[in-house]
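Subject: Structure handover, salt bridges

Hi,

Here is the structure we talked about.

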Amino acid sequence: MNIDDMSLFVEVVKAKGFTNASNLLGIPTSTISVRINKLEKQLGLQLLNRTTRRVELTEVGKLYYQRALHIVEETKALHSQLDDLLDNPSGVVRVSMPVDFAYENFAPLIPKFYAQYPKIKLHIDTSSRNVDLMSEPFDVAIRFGVPQDPNLIARPLGEFQFHLYASLDYLKAYGTPTKLPDLHKHHLLAFGQGHSPSHWQLFCRKHQTTFEFEPIFSSNSLGLLQRLATQGLGVALLPDIFNISQDSKLVRIMPDYCGLSNPLHAVTSTRLLPKKVQVFIEFVKAHLSA
């Protein structure tokens with residue numbers, strides 16, 4: 001069976017139709033139709049339902065697409081790796097990552113990455129949604145937590161530790177809490193969707209405590225919480241990696257208490273990666289470890 005026809009089928013599905021695929025690939029629509037028909041005859045299965053406006057996958061077409069996508073991507077990666085054996089990695093690496101991580105942690109590393117890999121160009125997407133690595137043109141996604149999709153490959157990058165932080169100005173004005181009950185007297189900033197009351201899962205010498213409180217402010221952006229805590233608005237539970245710079249104006253309080261740690265992963269749709277993607281993941285992991 002011709003791997004090129006399988007690859008063409010994958011591109012038709014990604015483009016959501018013959019016409020879009022024709023425009024992207026520069027292949028006549030009639031040629032694409034003939035080659036897809038040939039593929040279906042070879043398989044003895046109908047992969048696509050065709051209408052005047054678009055094409056849709058049949059049930060067996062969905063299964064075939066998932067497997068074909070892996071085969072096509074791994075074939076491309078193999079060829080790319082062979083090409084890169086004697087050369088420096090090059091090309092565009094398309095990355096999806098959380099906006100807070102992009103601004104707080106990755107932005108300072110970008111000049112270092114370009115200095116080390118001048119032939120690689122980065123395209124960073126910071127939209128809040130989880131991109132579909134199986135059908136969208138992303139090489140890798142940086143995600144917190146452990147991905148649940150068994151079709152994705154997750155490579156650990158590091159573990160984010162959370163502690164309580166406040167600014168020096170805030171502590172001078174309101175005092176420094178030393179035990180949990182003290183926190184009820186303070187302005188607390190919550191990470192979440194605005195539900196009230198909020199809660200923190202805190203650990204002290206391996207003992208876990210659920211601390212419930214009424215926040216004065218809540219947001220689903222850790223970066224915004226850090227900014228407001230820096231401005232003296234209140235106390236926030238933040239990842240340490242946000243506050244390790246020498247010019248950080250935040251002070252860690254109640255050091256015996258910590259929050260739940262949050263793992264960070266580089267997620268891809270295949271194990272076999274082009275050299276440009278490999279070095280990107282290795283670069284991020286090395287600098288986070290440092």
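**Arg50 and its partner**

Arg50 is partly exposed, at a relative accessible area of 34%. Keep in mind that this is a predicted model.

Which side chain does Arg50 meet in a salt bridge? It is Glu40, at 3.0 Å from N to O. Glu40 sits in helix α3 (residues 29-43) and Arg50 in strand β1 (residues 48-50), so this pair ties together parts 10 residues apart in sequence. Is Glu40 buried or exposed? Glu40 counts as buried, because its relative accessibility is 9% and the cut-off for buried is under 20%.

**Other salt bridges**

Lys76 belongs to helix α4 (residues 59-84) and Glu11 to helix α1 (residues 3-15), so the contact ties together parts 65 residues apart in sequence. Lys76 is partly exposed, with a relative accessible area of 41%.

Arg129 and Glu136 also meet through their side chains in a salt bridge, at 2.7 Å from N to O. For Arg129 the relative accessible area is 43%, which makes this residue partly exposed.

Which residues does it join?

Best wishes

Terms used: Residues numbered from 1 in each chain as written. Predicted model: local features only at pLDDT ≥ 70, side-chain atom pairs only at ≥ 80, totals over all residues. Heavy atoms only, no water. Helix = DSSP H or I, 4+ residues; strand = E, 2+ residues; numbered from the N terminus. Buried < 20%, exposed > 50% of the residue type's maximum accessible area, 1.4 Å probe, protein only. Salt bridge = Lys/Arg side-chain N within 4 Å of Asp/Glu carboxyl O.
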